[in-house]
Amino acid sequence: MLGAQLPAQGAPASDAGESLQARAARRGLIFGSGVSWPDIQKDPEFRGAVLADCAEIVPAVEMKWGELERREGVAVYAAADSLVEFASTNGLQIRGHTLVWYRNLPAWAPAALTGPSGSAVYETHIRTVLEHFAGRLASWDVVNEAIWTPDGLPGFLRRCVFQQAFGADYIPRAFSLARAVVPTMPLYYNEFGLEYDDQLHSQKRHATLQLLSDLKSKGLVDGLGVQSHLHVGWGFDAQVFRRFLADVAGLGLQILLTEFDVNDARAPADEQIRDQQIADHAQRFLEVALDEPQVKGMLCWGLSDRYTWLNSPPYDRADGLPNRGQPLDAAMRRKPLWNTIAAALDAAPRRHSGRAAGNSR
Ligand code: G3I
């Protein structure tokens, strides 16, 4: 397997000092990042940075349905398997992301899901993927981004092909099938837009709690992935967010910050000022997030500015400059955001275990 052929240790990310994964582990937390296989494979410097700072990785695209089954019935697991192999060779945990998402679907899937064999197509996809990776992953994002309150649907669900085909039931069905196929696997619901102090985020928090409460009452969910795509300049209310995390924890669920990064579209061009604003914004968020004992860890969505979705078109910054929202810059050097994450991990209350525990039933 390709993963096994890669050097286990690339050049460590520039400066000396304890890594983020080591700091997290001391607190019983886990630190990691979303990564893509081509970047890991082709770029020893990035690979080294990932191995230095991360104890867990998540395939940013490789396990999505549209990547695994571009042609109906022809499963291609090469890239996803390479990441699993890379993780295993290097002693990293790896999460599954994501079984049911309205984006990155195969082109043939919408017609198949809404056709006469829709149920079988849906269940076969979920079962096949879970079985393929069984025993090799730390947790799964079973359903991703199902809530979109502006759509005005019952349960605040997003209007999407799954909801069109099966109604609101598509969510418990996916979790229930996952439970049956991989009974000991921690199952997560993953969502964005939960962090800020505005009407949309407030509605999404409310709807997410309702969904989680319903799934938990049926013993179907173990955790919430709070994506944590932050934005400099957006209004963050520490008390409101602290309360939300406590409410999720009160349901008996684990929480992971699953896709942490900081969009700097509203920060000035000057790099020093920008990096400081990014770090300050993240600090306010992490201080609250890592204080909740049910938060078990944090994963960046890219780790380095060299590979981040924040720098894919359409660009958010009016001046066209690349975003600087990851802890390492495009040259793999640590930035103020790295130091902020390090300090927030150091200050976090100690957990009993940083490893994703078994499911919570
Ligand atoms: O790999 C191909 C490349 O061969 C081709 O030349 C190129 C041309 O467009 O596309 C490349 O694939 C792109 C892939 O990212 C590469 O990383 C896909 O087009 C592009 O759609 C894909 O975007 C990903 C997106 O999810 C959709 O799957 C982003 O990388 C990934 O960061 C993003 O992640 C999502 C999370 O899953 C859920 N939360 C939001 C987050 C950001 O959108």
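Analyst: Helix H5 (65–68) and helix H8 (118–133) each give at least two residues to the lining of the second largest pocket. Happy to go through the rest, with the reminder that this is a predicted model. The largest share of that lining comes from H8, which supplies five residues. In total 14 residues line the second largest pocket, and those closest to its centre are Glu69, Gly73, Thr124, His125 and Thr128. By class, the lining divides into eight nonpolar, four polar and two charged residues. The space in this second largest pocket comes to about 190 Å³.

Now to the largest pocket, whose volume is about 970 Å³. Its lining takes in 38 residues, and Arg103, His229, Glu259, Trp301 and Trp309 lie nearest the centre. The elements that contribute two or more residues to this lining are strand S1 (30–35), helix H11 (199–217), strand S8 (229–231) and strand S9 (254–263). H11 provides the largest share, three residues. Sorted by class, the lining of the largest pocket holds 15 nonpolar, 15 polar and eight charged residues.

The structure holds 16 aromatic pairs. One of them joins Phe46 and Tyr307: the ring centres are 4.9 Å apart and the planes stand at 70 degrees, so the pair counts as edge-to-face, the cut-off for that class being over 60 degrees. Phe46 belongs to helix H4 (residues 44–53), while Tyr307 is in the loop between strand S10 (295–300) and helix H14 (336–347), so this contact ties together parts that are 261 residues apart in sequence. Both Phe46 and Tyr307 are buried.

Elsewhere, one aromatic cluster is formed by Tyr196, Trp234, Phe236, Phe241, Phe244, Phe260 and Phe285.

The charged end of Arg173 sits over the ring of Phe166, at 4.8 Å from its centre. Arg334, in turn, lies over the face of Trp338, with 3.8 Å to the ring centre.

To come back to your pocket, the picture to keep in view is H8 giving the largest share of the lining, with Glu69, Gly73, Thr124, His125 and Thr128 closest to the centre.

Key
Residues numbered from 1 in each chain as written. Predicted model: local features only at pLDDT ≥ 70, side-chain atom pairs only at ≥ 80, totals over all residues. Heavy atoms only, no water. 1 Å grid on protein atoms, 1.4 Å probe; cavity = no way out; pocket = protein on both sides within 12 Å on 5 of 7 lines; lining within 4 Å. Points joined across faces, edges and corners; volume = space filled by probe spheres on them. Helix = DSSP H or I, 4+ residues; strand = E, 2+ residues; numbered from the N terminus. Nonpolar A, V, L, I, M, F, W, Y, C, P; charged D, E, K, R; others polar. Phe/Tyr/Trp six-rings, centres within 6.5 Å; stacked < 30°, edge-to-face > 60°. Buried < 20%, exposed > 50% of the residue type's maximum accessible area, 1.4 Å probe, protein only. Lys NZ or Arg CZ within 6 Å of the ring centre and 35° of its normal.
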